[in-house]
Every structure is written in C-alpha cells, then in structure tokens.
2 protein chains.
Amino acid sequence: MFVIRKAEERDQSAILSAAKDVGVFTAAEVACVDELLDIFLHQPDNHDYTFIVCSDEHDRLLGFACYGPTPLTEGTYDLYWLCVSKSAQGKGAGAALLEQVEKELSTWSARMLIAETSSTPSYDPARSFYEHHGFLRCACIRDFYRLGDDLIIYAKYFTNQGSTS
Amino acid sequence: MFVIRKAEERDQSAILSAAKDVGVFTAAEVACVDELLDIFLHQPDNHDYTFIVCSDEHDRLLGFACYGPTPLTEGTYDLYWLCVSKSAQGKGAGAALLEQVEKELSTWSARMLIAETSSTPSYDPARSFYEHHGFLRCACIRDFYRLGDDLIIYAKYFTNQGSTS
C-alpha cells in the first residue's frame, strides 16, 4: 500500500537520505534537492516547487517527487526530481508518484510535463520509466552534463493540443 | 565603435528599456531580465548571472547579454539573454556581445554555450543570428512556451571535445 501526500518538515532527512542512497545523484544534485525542499517547506508563498512523498503502510518513505511550473511558459511543468529508494524500486512507487503529479497538474490546466535526465547507463531505469509512462523523447544534447553525459529531454503531452516533432 | 563592459547600476533603466522596446519579450520575460539583473548588481557573491552591455561612442546602450554556468553541469554555460535595440540591429552589436561572452568563457574552461529561443516568426532574426555564429540547432520541443510556440535549443561547442547528435 502506498500513501502519497505533500512533503512535511519531518520528511526532510528521509528525502535527503533517499536522494543520496539511490546512488545516481551527484553531491551538487543532492544539494539542489535540499535547496528546493527548503524553499517548499519554508516559503509558503512559493509556487515554483512542490514536493510529494510516497510512504509505505509503516510511514517509511519510499520516494519523492518535485515538480512545478516551467518559468516563462504557459501550461508547461517540470518534473524536477523523481526518486525512489533502491530497495523500493520496481514496485510501483514511481508510478504512484507520477500519477499524483499528473492528477494535480490536471487541475492546473497543464498542457505538458517535462522530465530531463541523463544518457548514462545508471539512468537506464529512469529513461525506461519515462518511456513506459507516456513520455516522448524529444531531445538529446550531447555532453551537456559533462563529457560523455548527454541531456535527454522527455515530454508528456496531456491533451491532443500538442505533439513532439 | 562599440564599447563592451560589465553592466553597472546606471545601466539598469536602459537595459530594461532595451528589453521592452525590442518588442519580442513578454512582460514576464522583461520581469525575469529585471530579476536576474538585480541579482547581478546587488549580490556580489553571485556567480550565476553576469550582465555585459554594448554601448556606442556616446555611451548610449545598444544591447546587453546575460550568461552564466548551467546548474548541475560541468563546463556548460547558458546565454540567458542576448538583446540588441531595434535601431541598432544588424550593425554587429550582437556579434560583439557574443564575442565578449565567448572570450570570458574561454578563461573559465567552458565546453559549450546553450541558447534557448522560440520558433515563432518574431524570433527569425535570433535563430538566424545563432546559426550564423556557430551554434548548432539541437532540439525542438513543440508547444513548449505555449500552443504553437516551440522551444528551440542551440548549442555552441568550443572545442573538439563534443558535437551534437
């Protein structure tokens, strides 16, 4: 059983542990999760970043997602982070988090959701996940993150209003 | 004759006037220029955004550029804004600004410079400019900004270390 809810102050250390333990994020990326979480938890007027968590029936955190409106767009949103603890992967927690993100976006007139990820082998599961959940691979920018580490951009369109080229 | 230098407090209103008068930026985009310029001018520890201006021999502002390191990358930089006043367009001010950006980036071990722009007709000159100055068109994300307004991503690679797919 999954419980999905907005992140709270008490989730902070479990969220950061999950981000570290998953083993694919750099120290700078974990620091970025921390920074955005801090904005979400402590700046009530913030509408840029929303964090939700997925817990099991014992209130143990299995994963989290962070999303928000893409600046300077109308109706485009970014899935900034989607992370499921290694021990919980492959059991549906990621799909449950994504479903909740999409449910919320549907009330905000969202047209599309963007997910940026890496081309490296450690992100194979992430890319498979997006491809199995309706995202279209729209772009590859070679060596974007560092040499040999390309940016892959996925987009999921929510209506028939748009489609990728 | 062009004078290129770092932006100063006294340039603020001319920069915002240039951003408004060029006629392609939305109110939200002009507000974004203002926000980043404020960070550059008033947060001396900021290394995220650098503004340079191009003036004529009478110290009249012709255009400006804003650039900085792309978060979570190593050696990738973003050309966040490049704007030349309508009356000064086609005379080399944009090229002079870009040349100065690249000169500075070359001292920072930059590998690549990213420029994001729009697919709409009002951005035809911008896209032509990038294509004539060594940028490669890497991506198109349909309807990204709004319906019918796609995101076009350009990248300029500075060495033989990388190339676009």
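Which residues does Ile4(B) touch, not counting residues up to four places away in sequence? Select Ile4(B) and look around: the residues are Ile52(B), Cys54(B), Ala96(B), Leu97(B) and Gln100(B). Touching here is contact, with C-beta atoms, placed from the backbone, within 7 Å.

Before going on, note that this is a predicted model, in which local features need pLDDT of at least 70, side-chain atom pairs count only at pLDDT 80 or more, and totals for chains, interfaces and linings use all residues. Residues are numbered from 1 along each chain as its sequence is written, while chains are lettered from A and ligands numbered from 1 in the order in which they are written.

**Stop 1: Ile4(B)**

Stay on Ile4(B). It sits in strand β1 (residues 3-6) of chain B. Strands are DSSP runs of E with at least two residues, helices are runs of H or I with at least four, and both are numbered from the N terminus. Ile4(B) counts as partly exposed, because it has 19 C-beta neighbours inside 10 Å. The scale is this: 20 or more other C-beta atoms within 10 Å is buried, 12 or fewer is exposed, and in between is partly exposed, with C-beta atoms placed from the backbone. Ile4(B) and Glu99(B) are 95 residues apart in sequence, but C-alpha to C-alpha they are 9.9 Å apart.

**Stop 2: all of chain A**

Select chain A and color it by secondary structure. Follow them from the N terminus: the order is β-α-α-β-β-β-α-β-α-β-β. Along its principal axes, the C-alpha trace of chain A spans about 45 × 35 × 30 Å. The radius of gyration of chain A is 15 Å, which agrees with the value near 15 Å for a compact globule of 165 residues. That radius is taken over C-alpha atoms, and the globule rule is 2.2 Å times the number of residues to the power 0.38. Of the 165 residues in chain A, 39% are buried. Among contacts in chain A between residues at least 6 apart in sequence, 53% join residues at least 24 apart.

**Stop 3: a helix pair in chain A**

Select residues 12-21 and 27-42 of chain A. These are helices α1 and α2, which pack at an angle of about 155° with their axes 10 Å apart. So α1(A) is roughly antiparallel to α2(A). Axes are lines fitted to C-alpha atoms, for helices over the stretch in contact, and angles run from 0 to 180 degrees between N-to-C directions. Angles over 145 degrees count as roughly antiparallel, under 35 as roughly parallel, 65 to 115 as roughly perpendicular, and the rest as oblique. The crossing of α1(A) and α2(A) is right-handed.

Show the side chains. On α1(A), Gln12(A), Ile15(A), Leu16(A), Ala19(A) and Lys20(A) meet a set on α2(A): Val30(A), Val33(A), Asp34(A), Leu37(A) and Leu41(A).

**Stop 4: the loops of chain A**

Select Thr26(A), in the loop between α1 and α2 of chain A. Buried or exposed? Thr26(A) is exposed, with 12 other C-beta atoms within 10 Å.

Move to Asp59(A), in the loop between β2 (50-55) and β3 (61-69) of chain A. Its phi is near 65°, a positive value in a residue other than glycine. Asp59(A) is exposed, with 11 other C-beta atoms within 10 Å.

**Stop 5: where the chains touch**

Show both chains. The contact takes 28 residues from chain A and 28 residues from chain B. On the chain A side, α2, β6 (136-146) and β7 (149-157) are the elements that give two or more residues. β6(A) gives the most, with nine residues.

**Stop 6: the nonpolar core**

Select Phe64, Ala65 and Ile153 in chains A and B. These residues have the most contacts inside the largest nonpolar core, which has 100 residues. A nonpolar core is a set of buried Ala, Val, Leu, Ile, Met, Phe, Trp, Tyr and Cys residues joined through C-beta atoms within 7 Å. Zoom in on Phe64(B). Among the residues it touches are Ala7(B), Phe51(B) and Cys83(B).

**Last stop: Leu72(B)**

Select Leu72(B), in the loop between β3 (61-69) and β4 (76-84) of chain B. Leu72(B) has a positive phi, near 65°. Leu72(B) is partly exposed, with 18 other C-beta atoms within 10 Å.

Conventions: Two residues are in contact if their C-beta atoms, placed from the backbone, lie within 7 Å. A crossing is left-handed if the near helix is turned anticlockwise from the far one by less than a right angle, and right-handed if clockwise.
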